[in-house]
Amino acid sequence: MLLRLAWRQSLIRLLLFYAFALGLGLALGEPWWALGLATLALAARAYWRLYRVLRFLDWRKQLRTVDGQGLWAALETLIHRRQTENRRRSRRLVRLLRAYRQAATAMPDGALVIHRRDGRLVWFNKTARHLLGLRYPQSLGEPLADFFAGQTRVRDWLASGQTDEPLLDLPSPADPMVRISLRLIPYSAREWMVVVRDVTKLMRLEQVRRDFVANVSHELRTPLTVVHGYLDMIEPEEHPELAVMVEEMRRQSQRMTQLVEDLLTLSRLEAQESLPEEPLAMAPMLVTLRREAEALSQGRHEVRVLDEAGCDLTGSTKELHSAFSNLVSNAIRYTPTGGRVTIRFEKVAGGGVRLAVQDTGYGIPEQHLPRITERFYRVSTSRSRESGGTGLGLSIVKHVLSLHQARLDVESEVGRGSTFACVFGPARVRMRSQAGDDLEDVS
Ligand code: ADP
């Protein structure tokens, strides 16, 4: 609309101008001179307007007023409109950016942006500066891992790019008394965001909780041993009227002893960062597991052991034995008479191995599976109690496995049975020793 009007106005004005020049020229008897002068004047005016437009296009200057009509004025109006829009947009963007930066700075957590490729710092907020002892701007461009001298796990964690697993409980490089956690967040194709959190209080509380459980369990041990001892001294034949009561008291005190032992095992595992790295011969381990399964089953189940992986493991023999036998004991306890329990040691894709304990028992409803490794979590409390369970077995298994960088895979179907598998990475696999100790027991 604006352009069409401008075209029309320009054309009319041009025609009028030339008509006037021609009229004047004819009156003076020099029409060609008049037309020539008019063309020159027009060209000079066009150059002047062009110069004005170019000057306005220089980004620092703003076109303030648009005067006149016609094509040049239309051009200036369009430029003015664009300039105003751009200015407004960039002002809004700057405002937004400032707000984001203020929000990031005010965050109680430390936030850093690092290069994905080499972990070098691109940006960090004030909290990150305090928590990690960074200096602005000197620390920019430095690799983040360099600030954690002696903590190789930060470098490994960054290199592995684990965005779902935060790195917990690290000493702060600024103050070793401050404990921090790091979380990696994918930010853009080339950058990562790292969120640093002060977890000192949380870790202290966690420690208090751990100590409390460990101390209570420890303190309960002695009185329980005494009660146990005295109960063992009572001969039911001598006091037939007490026989039922004594039997029940013995059962309960045994359950309590088992509970205390399991709690102490868990506390001990929680306090450890790593376990001994010993060669673990799997053939004798499988023999032991079969023996334990058969002893627990008392002939009520079919027990099968399949040693298909043909290799051994590296890890703590004692702890892994306890984890495996927990799974075997569960399989027997939660499988009715006549069922089958299969212990299979096999290879998995990627060079790892797994020890799977499969049963044809009651199975576990799907909604319980995510919580099954929590302490004291039981699908059926009465069934667990009846079978002498403490509700801590799978927590122990999970802890032992995580100390071996392994995981517990659970598959189950109600009425058909369950498979609990300990999956180990290739780093835990070792060639099978040919020492001829294959049939020896590990216990
Ligand atoms: P518990 O000492 O009660 O057996 P666990 O931690 O070993 O405690 O197991 C937690 C719960 O998981 C059990 O109470 C039981 O309900 C369920 N569970 C574990 N293993 C099996 C299995 N093989 N078949 C069915 N349910 C199982």
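So, α9 and helix α11, residues 393-402: their axes come within 9 Å and cross at roughly 145°. Axes here are lines fitted to C-alpha atoms over the stretch in contact, with angles running from 0 to 180 degrees between N-to-C directions. Helices are DSSP runs of H or I, at least four residues, numbered from the N terminus. The crossing is left-handed, as in the near helix turned anticlockwise from the far one by less than a right angle; clockwise would be right-handed.

Who touches whom? On α9 you've got E319, L320, S322, A323, N326, L327 and N330, against G393, L394, I396, V397, V400 and L401 of α11. Contact means heavy atoms within 4.5 Å. By class, that's eight nonpolar, four polar and one charged, with Gly counted as polar.

Quick caveat: this is a predicted model, where local features need pLDDT of at least 70, side-chain atom pairs count only at pLDDT 80 or more, and totals for chains, interfaces and linings use all residues. Numbering starts from 1 along each chain as its sequence is written, and side-chain values use heavy atoms, leaving out hydrogens and water.

Okay, α9 again, residues 317-333, now with α8, residues 282-297: axes within 10 Å, crossing at roughly 35°. That crossing is right-handed. Among the α8 residues involved are M282, L289 and L296, and α9 brings in, among others, L320, F324 and I332.

Key
Helix = DSSP H or I, 4+ residues; strand = E, 2+ residues; numbered from the N terminus.
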